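Here is a short report for a reader who is new to this structure. Have the model open while reading.

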Amino acid sequence: MTFATFKNLHQRQQADYLTRHGHPLAQRTEDSFDLHLFAVGSFYAEVWRSRGEDAILFIHVFEHAGGLHDYLALISIGSY
């Protein structure tokens with residue numbers, strides 16, 4: 001799926017697509033929010049929820065690696 005196509009989906013469809021096709025990379029907290037980062041093809045999706053809640057507040061989608069800055073310390077790339 002392309003970045004533009006994903007962005008044009010309704011949030012429920014985005015969440016479903018992430019569940020089926022997204023690759024979970026990391027999770028973190030910011031203020032009173034739980035954030036989950038997914039890789040989806042050539043872009044990334046960050047799912048925002050209120051801490052302890054299941055309902056998604058919004059999904060932030062970005063293409064540039066600069067958006068990964070807050071996650072770099074959380075992502076472990078092992079040696080195989």
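Strand 3 and strand 4 run antiparallel and are joined by six bridges. The two strands make a hairpin, with five residues between them. Glycine 52 sits in that turn and has a positive phi of about 85°. Glutamate 46 stands opposite histidine 60 of strand 4. Valine 47 stands opposite isoleucine 59, also in strand 4.

This is a predicted model. The protein chain has an average pLDDT of 91, and 92% of the residues score at least 70. Confidence is highest in helix 2, at 98. It is lowest in strand 1 (residues 23-30), where the mean is 93.

**Strand 2 and its partner**

Strand 3 also pairs with strand 2. Eight bridges join these two strands, which run antiparallel. They too form a hairpin, with two residues between the strands. Here glycine 41 takes a positive phi near 60°. Phenylalanine 38 has alanine 45 of strand 3 as its bridge partner.

| Hairpin | Residues between the strands | Glycine with positive phi |
|---|---|---|
| Strand 2 and strand 3 | two residues | glycine 41, near 60° |
| Strand 3 and strand 4 | five residues | glycine 52, about 85° |

Histidine 36 has its place in strand 2. Is histidine 36 buried or exposed, or partly exposed? Its relative accessible area is 23%, so histidine 36 counts as partly exposed. Buried would require a value under 20%. Leaving aside neighbours within four places in sequence, histidine 36 is in contact with Ala26, Gln27, Ala45, Glu46, Val47, Arg49 and Tyr71. The C-alpha atoms of histidine 36 and glycine 52 are separated by 13 Å. Along the chain, these two residues are 16 residues apart.

The charged end of arginine 28 sits over the ring of tyrosine 71, 4.8 Å from the ring centre.

Which residues of helix 2 are buried? They are Gln14, Ala15, Tyr17 and Leu18. These residues cover an arc of only 160° around the axis, so they lie on the same side of helix 2. The general rule behind such a pattern is simple. An α-helix has 3.6 residues a turn, so residues three or four places apart point the same way.

What covers the buried residues of helix 2 includes helix 1 (3-8), strand 2 (33-40), strand 3 and strand 4. The face turned away from the buried side carries the exposed residues Arg12, Thr19 and Arg20.

Glutamine 14 is found in helix 2, which spans residues 11-21. Glutamine 14 counts as buried because its relative accessible area is 6%. Not counting residues up to four places away in sequence, glutamine 14 touches Phe6, Lys7, Leu9 and Ile59.

With residues up to four places away in sequence left out, isoleucine 56 touches Gln11, Ala15, Val47, Trp48 and Arg49. Isoleucine 56 and phenylalanine 38 are 14 Å apart in space, C-alpha to C-alpha. In sequence, they are 18 residues apart.

**Aromatic rings**

How many aromatic pairs does a search of the whole structure find? It finds six. Tryptophan 48 and phenylalanine 58 form a stacked pair, with 5.0 Å centre to centre and 20° between the planes. Tryptophan 48 lies in strand 3 (residues 43-50) and phenylalanine 58 in strand 4 (residues 56-62), so the pair ties together parts that are 10 residues apart in sequence.

Tryptophan 48 counts as buried because its relative accessibility is 12%. Phenylalanine 58, at 38%, counts as partly exposed.

Ring pairs also link Phe3, Phe6, Tyr17 and Phe43 into a cluster. Of these, Tyr17 is one of the buried residues of helix 2. Phe6 is among the residues that glutamine 14 touches.

Conventions: Residues numbered from 1 in each chain as written. Predicted model: local features only at pLDDT ≥ 70, side-chain atom pairs only at ≥ 80, totals over all residues. Heavy atoms only, no water. Helix = DSSP H or I, 4+ residues; strand = E, 2+ residues; numbered from the N terminus. Buried < 20%, exposed > 50% of the residue type's maximum accessible area, 1.4 Å probe, protein only. Contact = heavy atoms within 4.5 Å. Phe/Tyr/Trp six-rings, centres within 6.5 Å; stacked < 30°, edge-to-face > 60°. Lys NZ or Arg CZ within 6 Å of the ring centre and 35° of its normal. pLDDT = per-residue confidence, 0-100. Arc of directions from axis to C-beta. Pairing = 2+ DSSP bridges.
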